[in-house]
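The sequence and structure come next.

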Amino acid sequence: MLIGNNERLVMIGDSITDCGRARPVGEGLFDAIGKGYVGLVDALISAAYPERGIRVTNMGIGGNNVRDLKERWQTDVVDLKPDWLSVMIGTNDVWRQFDTPTIKESHVYLDEYEATLDSLVAATLPQLKGLVLMTPFYIESNENDLMRAQMDRYGAAVKRVAEKYGTLFVDTQAAFNAVLEHLYAGTLAWDRVHPNQIGHAVLARAFLSAIGYEYGKGL
């Protein structure tokens with residue numbers, strides 16, 4: 001696995017990352033790390049690689065878009081001095097275009113989204129040992145659905161940034177698509193956005209695969 005001994009992994013994003021994590025910093029006792037994919041990542045790493053002493057910190061905030069991440073980047077990323085960073089953002093950037101179409105100031109369009117993500121990666125990557133960029137997703141198998149199609153465009157932007165800077169890349173939409181071949185979307189998320197535990201397990205597995213996690217280690 002790529003994350004080394006005594007290294008810190010900070011995972012930042014929106015409500016899908018947040019999942020009830022503690023404030024101001026999501027780590028500690030009693031589900032302080034949240035009850036979503038970040039908690040699963042922490043649990044599985046600690047179970048298989050206890051000797052590495054890896055510290056996982058959840059800095060997701062519900063409702064955030066990439067603008068919000070830019071505003072809190074110094075305190076919630078840089079000041080925490082992570083060795084590894086995971087970023088999954090974009091759901092609200094897209095969703096607001098559909099659930100509040102007339103409130104234009106809340107919309108983050110594709111050019112701004114990609115440029116902002118690009119600038120954050122460029123500024124931070126030299127300080128990191130590793131960076132994982134995860135796409136936003138929409139748990140809908142119909143690629144012609146308007147929100148799914150728009151989410152795919154934002155996911156493609158994440159891929160472009162990852163390729164530009166040589167970071168690790170997680171196609172979360174592809175991970176969900178594989179499951180949607182067998183399960184109805186509502187089985188994973190009632191609103192197609194906020195996953196249940198099955199959906200969070202899909203995200204955790206996709207992330208762990210990207211960092212070279214070995215499921216059979218120690219067994």
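**Asn-65 and the aromatic pairs**

The side chain of Asn-65 comes within 2.9 Å of the backbone nitrogen of Arg-67. The model is predicted. Four aromatic pairs occur in the structure.

**Asn-65**
- Asn-65 sits in the loop that runs between strand 2 (55–58) and helix 3 (66–76).
- Its relative accessibility is 10%, so Asn-65 counts as buried; the cut-off for buried is under 20%.
- Leaving aside residues up to four places away in sequence, Asn-65 touches Ile-89, Asn-92, Asp-93, Ser-106 and Val-108.

**Tyr-113 and Tyr-154**
- One of the four aromatic pairs joins Tyr-113 and Tyr-154, with 4.9 Å centre to centre and 50° between the planes, a tilted arrangement.
- This pair links distant parts of the chain: Tyr-113 belongs to helix 5 (residues 110–124) and Tyr-154 to helix 6 (residues 146–165), 41 residues apart.
- Tyr-113 is buried, at 0% relative accessibility.
- Tyr-154 is also buried, at 0% relative accessibility.

- Tyr-213 is buried, with 10% relative accessibility.
- Tyr-215 is partly exposed, because its relative accessible area is 41%.
- One aromatic cluster takes in Tyr-49, Tyr-213 and Tyr-215.
- Lys-217 lies over the face of Tyr-49, 4.8 Å from the ring centre.

How values were computed. Residues are numbered from 1 along each chain as its sequence is written. This is a predicted model: local features need pLDDT of at least 70, side-chain atom pairs count only at pLDDT 80 or more; totals for chains, interfaces and linings use all residues. Side-chain values use heavy atoms; hydrogens and water are left out. Helices (H or I, at least four residues) and strands (E, at least two) are DSSP runs, numbered from the N terminus. Buried means under 20% relative accessible area, exposed over 50%, partly exposed in between (1.4 Å probe, protein chains only). A polar contact is a pair of N or O atoms within 3.5 Å; within protein, one must be able to donate a hydrogen and the other to accept it, and residues adjacent in sequence count only if both atoms are side-chain atoms. Contact means heavy atoms within 4.5 Å. Rings of Phe, Tyr and Trp (its six-membered ring) pair if their centres lie within 6.5 Å; planes under 30 degrees apart count as stacked, over 60 as edge-to-face and the rest as tilted. A charge sits over a ring if NZ of Lys or CZ of Arg is within 6 Å of the ring centre and within 35 degrees of the ring normal.
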